Amino acid sequence: MKMSDPQYLYLHVPFCRTICAYCDFCHTVYSQKASRLWLEALQREFGGRSVRRNLKTIYIGGGTPVCLPSAQLEQLLSLLDPYAGELTEYTVEINPEVMTEEKVKILAAHGVSRASIGYQTDDLNLLKLMNRHHSADDIEECMHMLRRNGISNISLDLMYSLPSQTMESLQGAVRRAVMMEPDHLSLYSLQIEENTLFAKKGYQPLDEDTEADMYEWICSTLPKYGFEQYEISNFARKSKQSVHNTAYWHYEDFYGFSCGASGKEGNRRYDKPKNLKEYCDNPLKEYTVHLEQSDMMFEMIMMNLRLREGLEPQRFLDRFGVPLADVYGSRISSLIDRGLLEFSGSLKCTEYGSRILNSVLEEFLPD
Ligand code: SF4
């Protein structure tokens, strides 16, 4: 084990109870047989890979991790126990449709400290359109259940720019979410991805102006309720930023485990098979890309500029052994002159720059 081994681990559970109309994540409808084979494969994956014990964070996402019945959830978390002794954050994604008190107790017993709940909206018509089967009351009940079992660090995911969504509907959903007193909120605009039910039915997100108005409203409203925007789509109460996701934005290395996961270790980025059978046949299989130094420099800038705190030059120097200004000095000066970046101890986007981040990033692309 090297000191430089990743301190963060992502594990993907590729099952859901039902499939949401907008979702293109790696998932399949839960079946007992498939999940049994997957858990056996996962055990083989852990047996065949070397992972440091003193991880900082574990994040179990999906899919829907808690669609596993209690016994399988217990099995999954037991596999992770050897790595969970010194964590600062242990997150599991939660769908209230399949949550029970028994499952919450299992999560708590294994040290899970943070829950990320898919809330999306409180608008029942939109939830139906999205093929989601819960209400805002179910979210609230789920939060109570988590809190009374000691999992009190809770994040809610919301979506906006949904087909036919009005500004009033979004505002109602956000206000209801805030009233539930989460610690963290993530707000994502709908992207219609190929092979989703929305794409097949020809649904469209809202027009760009309405989407921009919604984003403006979100960014100007949430700070009034004590949620500081620390990333383009993420807002947190004091000290409640996601440690795991911040590691991604800091461009730290992380292990990726299971069907559909990705990982990055040094100059090696890999995707695990997305196909469940392929994964179960060979859980050690990875599709690997070797990154050039120039690619990694660009990716570090790309990820860090998503953060309000921006990129500290020292972090760049520590990573690559060369000053940021030596590599990008003239491009940075030009972007500062045009009002897109600013520098005050760290390099960050201005308000305007963050609205057109993709154009800013184009300027950093390797020649
Ligand atoms: S949004 Fe979540 S619950 Fe819905 S299909 Fe995708 S992974 Fe499953």
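Start by selecting Asp 5, which lies in the segment before strand 1 (8-13). Helices (H or I, at least four residues) and strands (E, at least two) are DSSP runs, numbered from the N terminus. This is a predicted model, in which local features need pLDDT of at least 70 and side-chain atom pairs count only at pLDDT 80 or more, while totals for chains, interfaces and linings use all residues. Residues are numbered from 1 along each chain as its sequence is written, and side-chain values use heavy atoms, with hydrogens and water left out.

Is Asp 5 buried or exposed? Its relative accessibility is 12%, so Asp 5 counts as buried; the term means under 20% relative accessible area, with exposed over 50% and partly exposed in between (1.4 Å probe, protein chains only). Leaving aside residues up to four places away in sequence, Asp 5 touches Arg 52 and Tyr 255, where contact means heavy atoms within 4.5 Å.

Next, show the open sheet of nine strands, whose order is 9-10-8-7-6-5-4-1-11 with mixed pairing. Two strands pair if DSSP finds at least two bridges between them. Strand 9 (228-231) and strand 11 (255-257) are the edges; each has a single partner strand, so one side of each is left without a neighbour in the sheet. On average, neighbouring strands here are turned by 20 degrees against each other, direction ignored. For such angles, axes are lines fitted to C-alpha atoms, for helices over the stretch in contact, and angles run from 0 to 180 degrees between N-to-C directions.

Within this sheet, select strand 5 and strand 6, which pair in the parallel sense over four bridges. Glu 93 stands opposite Ser 116 in strand 6, and Val 92 has Ala 115 as its bridge partner there. Seven of the seven residues of strand 6 are buried, so this strand is largely enclosed by the rest of the structure. In a regular strand the side chains alternate between the two faces of the sheet. On one side of strand 6 the buried residues are Arg 114, Ser 116, Gly 118 and Gln 120, and on the other Ala 115, Ile 117 and Tyr 119.

Which residues of helix 5 are buried? They are Ala 136, Ile 139, Cys 142, Met 143, Met 145 and Leu 146. Their cover includes strand 5 (89-94), helix 3 (101-109), strand 6 (114-120), strand 7 (153-160) and helix 6 (167-179). After helix 5 comes Gly 150, with a positive phi near 95 degrees.

Move on to the ligand. Of the 13 residues around the ligand, Cys 16, Cys 20, Cys 23, Gly 63 and Thr 64 come nearest; a residue is near a molecule or strand if one of its heavy atoms lies within 4 Å of it. The shell has six nonpolar, six polar and one charged residues. In these classes, Ala, Val, Leu, Ile, Met, Phe, Trp, Tyr, Cys and Pro count as nonpolar, Asp, Glu, Lys and Arg as charged, and the others, Gly among them, as polar.

Finish at the open sheet of three strands, with the order 12-13-14 and antiparallel pairing. Strand 12 (262-265) and strand 14 (287-290) stand at its edges, each with a single partner strand, so one side of each is left without a neighbour in the sheet. Four bridges join strand 13 (residues 268-271) to strand 14, and Tyr 270 stands opposite Thr 288 in strand 14.
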